[in-house]
Amino acid sequence: MIFEILTIFPSMFSSPLAEGMVGKACDRGLIEIRVHNIRDFAADRHHMTDDRPFGGGEGMVMKPEPIVGALRAIQASGPAARSILLTPRGRMFDQETARQLSLLPRLVLICGRYEGVDERVEQYFTDDQISIGDYVLTGGELAAMVVVDSVSRLLPGVLGNEGSALEDSFSRPVLEHPQYTRPRDFEGLSVPPVLLCGNHETIRRWRRGQALHRTRTRRPDLFARLDLSPEDRKLLEDSNFGDR
Ligand code: ADE
């Protein structure tokens, strides 16, 4: 899959996307991340990418010409690509959106800055607008990295263990159960004995109970949408979850 990123801060992307699973996926040719500097598409001699808002007001607005110029150059360079503007005014990004995007051959991510992007870009030149949460970042760059990371790990071969992406929180709508590793005792805090018992069925039930309890306490919105089985209800009733 090819990610085409439009930004005025290309160097922000070099290190974060070169590390870990995403970095490995690039090295192995499973994904390609192309970072384009919007400034290179500004035609005026000062390479201006922003200007004052019509109607007055604080801040600067990103000009349409450089962004649309970059979009046209990208569209001309290969198969049709879906273009997404990262903006706090977009629809909320979630695992289902990541899954849908992972099916595309090529994706353009436009990182907005300043007070926003000229409305005509959003309306006429992008297919979608995405927000990664109800908070305002200084720009769409970190949001674009979130999208690249979460979409990449769903692509075949990227995680190595194909089961992992399917197993994790939100692929199924419960939060993941707690995980422990060595040492058995860390500063007096011990691993729950059930995980050492060796009985897979007992462990499976304990994990399911923990996952349900965690979802109920931390994400009541997700819990309300769950279709609980008779076993799930029993696990929630019978288990002692302590005070956490
Ligand atoms: N740009 C600024 N804030 C953002 C957010 N929450 N999501 C996506 N892009 C953004």
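Which polar backbone atom is 2.8 Å from a nitrogen atom of the ligand?

1. The atom in question belongs to Y135. The model is predicted: local features need pLDDT of at least 70 and side-chain atom pairs count only at pLDDT 80 or more, whereas totals for chains, interfaces and linings use all residues. Residues are numbered from 1 along each chain as its sequence is written, and side-chain values use heavy atoms, with hydrogens and water left out.

2. A polar backbone atom of L137 is 3.0 Å from a ligand nitrogen, and one of G133 is 3.2 Å from a ligand nitrogen. Of the 260 Å² of accessible area that the ligand has on its own, the protein covers 97% (Shrake-Rupley method, 1.4 Å probe).

3. The shell around the ligand comprises 13 residues (a heavy atom within 4 Å). The closest are T87, I132, G133, Y135 and L137. By class, eight are nonpolar, five polar and none charged; Tyr counts as nonpolar and Gly as polar in this scheme.

4. Strands β5 (82-92) and β7 (128-131) each supply at least two shell residues (strands are DSSP runs of E, at least two residues, and helices runs of H or I, at least four, numbered from the N terminus). The most comes from β5, with three residues.

5. Strands β1 (residues 2-7) and β2 (residues 32-37) run parallel and are joined by six bridges (pairing requires at least two DSSP bridges). I2 stands opposite E32 in β2. With helix α1 (residues 20-27), β1 and β2 make a right-handed β-α-β unit (clockwise from the first strand over the helix to the second, with the strands pointing away from the viewer).

Methods
Polar contact = N/O pair within 3.5 Å; in protein donor to acceptor, adjacent residues only side chain to side chain.
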